[in-house]
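Hi everyone, thanks for making time this morning. Let me put the chain up on the screen so that we can walk through it together.

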Amino acid sequence: MTAADIPILRQWRASDERQRLLQIVQPALIGLIDGTISTLAPIFAAAYISGSRAALLVGLAAALGAAISMGMSEGLSDDGEITGRGAALSRGMITGLATFVGGTAHALPFLIDDTSTALTVAYVVVSIELVVIALVRSAS
């Protein structure tokens with residue numbers, strides 16, 4: 001399988017700038033924002049109360065739940081014909097995957113056993129995530 005065989009890459013190459021924005025960038029950005037923001041409270045609460053291992057498990061569970069919820073919500077919101085937002089299935093999958101990535105990124109520092117160190121790394125990761133989201137948002 002080559003990169004040209006991946007449907008999302010074929011769609012990207014075949015689309016004009018407006019289509020890319022509506023059908024790929026915006027669903028991914030929505031997912032990243034939701035994944036990053038919606039999982040912060042459970043992850044950090046678990047870290048403070050129960051330590052790194054619990055924070056990691058809660059973070060992964062919250063990211064998975066948020067990904068399923070956002071993917072289904074975006075996929076079921078409209079069929080994309082009137083709005084030009086593309087196929088519901090691909091939009092839902094893009095949003096769900098981006099939500100999982102956004103929620104998982106700041107859970108991974110809790111692979112570190114020392115909760116204090118893990119929290120410090122997680123704060124940095126969250127800061128980077130939010131800056132990247134702001135930069136992508138301002139560019140689109």
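Predicted model: local features only at pLDDT ≥ 70, side-chain atom pairs only at ≥ 80, totals over all residues.

Residues are numbered from 1 along each chain as its sequence is written, and side-chain values use heavy atoms, with hydrogens and water left out.

Okay, the big picture. The chain has six helices and zero strands; helices here are DSSP runs of H or I with at least four residues, strands are runs of E with at least two, and both are numbered from the N terminus. Reading from the N terminus, the order is simply α-α-α-α-α-α. If you box up the C-alpha atoms along the principal axes, you get roughly 50 × 35 × 25 Å. There are 140 residues, and 36% of them count as buried. Buried means under 20% relative accessible area, exposed means over 50%, and partly exposed is in between, using a 1.4 Å probe and protein chains only.

Now, how do the helices pack? Two packed helices are described by the angle between their axes and the distance between the axes. The axes are lines fitted to C-alpha atoms, for helices over the stretch in contact, and the angles run from 0 to 180 degrees between N-to-C directions.

Let's take α3 and α4. Their axes are 7 Å apart, and they pack at an angle of about 160 degrees. So α3 and α4 are roughly antiparallel to each other. On that scale, under 35 degrees is roughly parallel, over 145 roughly antiparallel, 65 to 115 roughly perpendicular, and the rest oblique. The crossing of α3 past α4 is right-handed, meaning the near helix is turned clockwise from the far one by less than a right angle, with anticlockwise being left-handed.

Next, α4 and α5, where α5 covers residues 88-105. These axes come within 7 Å and cross at roughly 160 degrees, so α4 and α5 are roughly antiparallel to each other. Here, too, α4 passes α5 in a right-handed crossing.

The partners are E74 and R91, with their closest N and O atoms 2.7 Å apart. This pair ties together distant parts of the chain, since E74 sits in α4 and R91 in α5, 17 residues apart. Are the two partners buried or exposed? E74 counts as buried because its relative accessibility is 8%, and R91 is buried too, at 0%.

F44 is in α3, residues 40-50, and it counts as buried because its relative accessibility is 12%. F44 and Y123 are 79 residues apart in sequence, and their C-alpha atoms are 9.7 Å apart.

L32 lies in α2, residues 17-38, and is partly exposed, with a relative accessible area of 28%. Its C-alpha is 4.6 Å from that of G102, 70 residues away along the chain.

A67 belongs to α4 and counts as buried at 10% relative accessibility. A67 and M93 are 26 residues apart along the chain, with 8.9 Å between their C-alpha atoms.

Last stop, the surface. Which residues form the nonpolar patch? They're L64, I68, M72 and L76, with about 440 Å² of accessible area together. Patch residues have over 30% relative accessible area and no salt bridge; like charges are joined within 9 Å, and nonpolar side chains (Val, Leu, Ile, Met, Phe, Trp, Tyr) within 5 Å. The areas come from the Shrake-Rupley method with a 1.4 Å probe, and for residues only the protein chains shown count as cover. L76 is in α4, residues 52-77, and it counts as exposed because its relative accessibility is 69%.

Key. Salt bridge = Lys/Arg side-chain N within 4 Å of Asp/Glu carboxyl O.
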